[in-house]
Amino acid sequence: MAEKGVIMNIASHVERLIESHGVLSRSCAQLTAQRDALQDENRALKMRVRELETQLSKLRLSDGLSGGAADREGARARINRLLREVDRCIALLGGED
């Protein structure tokens with residue numbers, strides 16, 4: 001008779017373990033789906049940040065060229081450097097003839 005009580009006790013524990021396993025499996029599936037959604041959102045946000053940084057860079061350059069920004073002199077210096085380099089390249093190409 002005592003053996004029957006032990007078996008019933010073990011069966012009860014097994015049932016609880018199976019129930020707990022089911023709850024944990026559902027929870028794990030929900031968390032996995034949530035993680036995947038957050039990873040997708042993170043990728044989209046990183047791409048948006050890159051786009052906005054590019055747009056900001058273009059706006060800063062156009063603002064600097066229009067003469068309205070504090071870094072106007074920097075933009076002019078950069079353009080002058082580029083023009084000098086183009087002139088050097090033209091001179092080198094002309095010297096090869």
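Which residue's side chain does that of Arg43 meet in a salt bridge? The partner is Asp40, at 2.4 Å from N to O, and the legends below place this pair among other local features of the chain.

This is a predicted model, in which local features need pLDDT of at least 70 and side-chain atom pairs count only at pLDDT 80 or more, whereas totals for chains, interfaces and linings use all residues. Residues are numbered from 1 along each chain as its sequence is written, and side-chain values use heavy atoms, with hydrogens and water left out.

**View 1. Overall setting of the chain.** The secondary structure comes to 2 helices and 0 strands, where helices (H or I, at least four residues) and strands (E, at least two) are DSSP runs numbered from the N terminus. Buried residues make up 4% of the 97 residues in the chain; buried means under 20% relative accessible area, exposed over 50%, and partly exposed in between, with a 1.4 Å probe and protein chains only. The chain exposes about 8,900 Å², of which carbon and sulfur atoms supply 60%, with accessible areas taken from the Shrake-Rupley method with a 1.4 Å probe and, for residues, only the protein chains shown counting as cover.

View 2. Arg43 and Asp40 both lie in helix H1 (residues 2-66), where a spacing of 3 residues puts them about one turn of the helix apart. Arg43 is exposed, with a relative accessible area of 51%, whereas Asp40 is partly exposed at 45%.

View 3. Glu51 counts as partly exposed at 43% relative accessibility, and Arg48 is partly exposed with a relative accessible area of 43%. In the other pair, the side chains of Asp36 and Arg35 meet at 2.9 Å, N to O; Asp36 is partly exposed at 33%, and Arg35 is partly exposed at 44%.

View 4. Val6, Ile10, Val14 and Ile18 make a nonpolar surface patch of about 360 Å². Patches are made of residues with over 30% relative accessible area and no salt bridge, like charges being joined within 9 Å and nonpolar side chains (Val, Leu, Ile, Met, Phe, Trp, Tyr) within 5 Å. Val14, which lies in helix H1, counts as partly exposed at 38% relative accessibility.

**View 5. A patch of positive charge.** Arg78, Arg81, Arg84 and Arg88 gather in a patch of positive charge on the surface. Lys and Arg count as positive and Asp and Glu as negative, while His and the chain ends are not counted; the place of a charge is taken as NZ of Lys, CZ of Arg, CG of Asp or CD of Glu. Arg81 is found in helix H2 (residues 72-95) and counts as partly exposed at 47% relative accessibility.

**View 6. Cysteines of the chain.** A disulfide is a pair of cysteine sulfur atoms within 2.5 Å, and by this rule the count comes to 0. Cys28 counts as partly exposed at 48% relative accessibility, and Cys89 counts as partly exposed at 41%.

Note on methods. Salt bridge = Lys/Arg side-chain N within 4 Å of Asp/Glu carboxyl O.
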